[in-house]
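Let's take a walk through this protein together.

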Amino acid sequence: MEVFPIDNLNSPASKHPLNDEQHQTPPSNEGKLNPLLSVWLHPNQTAQYVMKHKGIGYCIMLIIIGYIAVFLSSIAGTDLYPTFTVGIITIFVVVLGPIIGLISSTIYTGVIFLVGKLFNGQGSYKNLFKVLTLPTIPYLALAPFYAIWLAVSPESMFIADFSGAMVLLSMLSGFLTFIVSVWSIVISIAVIAQAHKFSNWKAFFTILIPMLILFLVLVVFFVLVISIITL
């Protein structure tokens, strides 16, 4: 009987081709990602893709269209109408939305950059600015809904005590906006974790801490104003 050396069992020729295939890294689909679609279910991969393959110009475009959608959904139930016409409100949304979006994104990115460093975050300001444009994408799904509503029935969109069938539409819009807002927060946590290279929990507290500080500042300011008025 012929005896095979044990060493031969470990030689490259003795390895079955299927074993090599099992250890091969599956082909990446990163180059095929469309952030407008992938961010909904794959925020981690989308954040990595945007940091590697998208420039600042693309992200500024997301801010412009994203904050138009955000403003459009946030003005429902306000007193803008009938004080202003639908045309003026539309101009307000299209012009001020992107301007305020760019300013707030610049400041918010700086805050997240600094707070993240408290948790040993490694993200750069540039990468954080890029990925923090992604949470605005879910609001794009609401933009056509609110745009049509504004054009067809501005009364039911802005007047809280408006009665009729449009009341159901108002309730539906509130529900959809709530769902989108929650999902936007989920995306924010995921993309911050990717940019700063730490856990989702650290990303959560990176968002929470500035919110708590801002809340406390507003409470103190409100108490001081009330105290001065009542003197």
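**Helices from end to end**

The protein has 13 helices and zero strands. Keep in mind that what you're looking at is a predicted model. If you read along the sequence, you get the pattern α-α-α-α-α-α-α-α-α-α-α-α-α. Of the 231 residues in the protein, 33% are buried. And how do the contacts reach along the sequence? Taking the contacts between residues at least 6 apart in sequence, 69% join residues at least 24 apart.

Now for how helices sit against each other. Two packed helices are described by the angle between their axes and the distance between the axes. Start with α5 and α7: they pack at an angle of about 120°, and their axes are 8 Å apart. Angles from 65 to 115 degrees would count as roughly perpendicular and those over 145 as roughly antiparallel, so α5 is oblique to α7. The crossing in which α5 passes α7 is right-handed.

Which residues of α5 and α7 meet there? From α5 come Ile60, Ile63, Ile64, Tyr67, Ile68, Phe71 and Leu72, and they meet a set in α7 that includes Phe92, Val93, Gly97, Pro98 and Ile100.

Leaving aside residues up to four places away in sequence, phenylalanine 71 touches Phe92, Val93, Gly97 and Ile100. Take glycine 97: it is 26 residues from phenylalanine 71 in sequence, yet the C-alpha to C-alpha distance is 5.9 Å. Is phenylalanine 71 buried or exposed? Its relative accessible area is 15%, and the cut-off for buried is under 20%, so phenylalanine 71 is buried. Phenylalanine 92, at 29% relative accessibility, counts as partly exposed.

Next, the aromatic rings. Rings count as a pair if their centres lie within 6.5 Å, and by this rule the count comes to seven aromatic pairs. One of them joins phenylalanine 71 and phenylalanine 92: the ring centres are 6.1 Å apart and the planes are at 55°, so this pair is tilted. Phenylalanine 71 lies in helix α5 (residues 56–74) and phenylalanine 92 in helix α7 (residues 86–118), so the pair ties together parts that are 21 residues apart in sequence.

Then there is the pair of tryptophan 201 and phenylalanine 204. Their ring centres are 5.9 Å apart and their planes are at 85°, so the pair is edge-to-face. Both residues lie in helix α13 (residues 200–230), three residues apart, which is about one turn of the helix. Tryptophan 201 is exposed, with a relative accessible area of 63%, while phenylalanine 204 counts as partly exposed at 32%.

Elsewhere, Phe145, Tyr146 and Trp149 form one aromatic cluster.

To finish, go back to α7 and see how α13 packs with it. The angle between α7 and α13 is about 115°, and their axes are 9 Å apart. This crossing is right-handed. On the α7 side you'll find Tyr108, Val111, Ile112, Val115 and Gly116, which meet Thr206, Ile207, Ile209 and Pro210 in α13.

Technical notes:
Residues are numbered from 1 along each chain as its sequence is written. This is a predicted model: local features need pLDDT of at least 70, side-chain atom pairs count only at pLDDT 80 or more; totals for chains, interfaces and linings use all residues. Side-chain values use heavy atoms; hydrogens and water are left out. Rings of Phe, Tyr and Trp (its six-membered ring) pair if their centres lie within 6.5 Å; planes under 30 degrees apart count as stacked, over 60 as edge-to-face and the rest as tilted. Helices (H or I, at least four residues) and strands (E, at least two) are DSSP runs, numbered from the N terminus. Buried means under 20% relative accessible area, exposed over 50%, partly exposed in between (1.4 Å probe, protein chains only). Axes are lines fitted to C-alpha atoms, for helices over the stretch in contact, and angles run from 0 to 180 degrees between N-to-C directions. Angles under 35 degrees count as roughly parallel, over 145 as roughly antiparallel, 65 to 115 as roughly perpendicular and the rest as oblique. A crossing is left-handed if the near helix is turned anticlockwise from the far one by less than a right angle, and right-handed if clockwise. Contact means heavy atoms within 4.5 Å.
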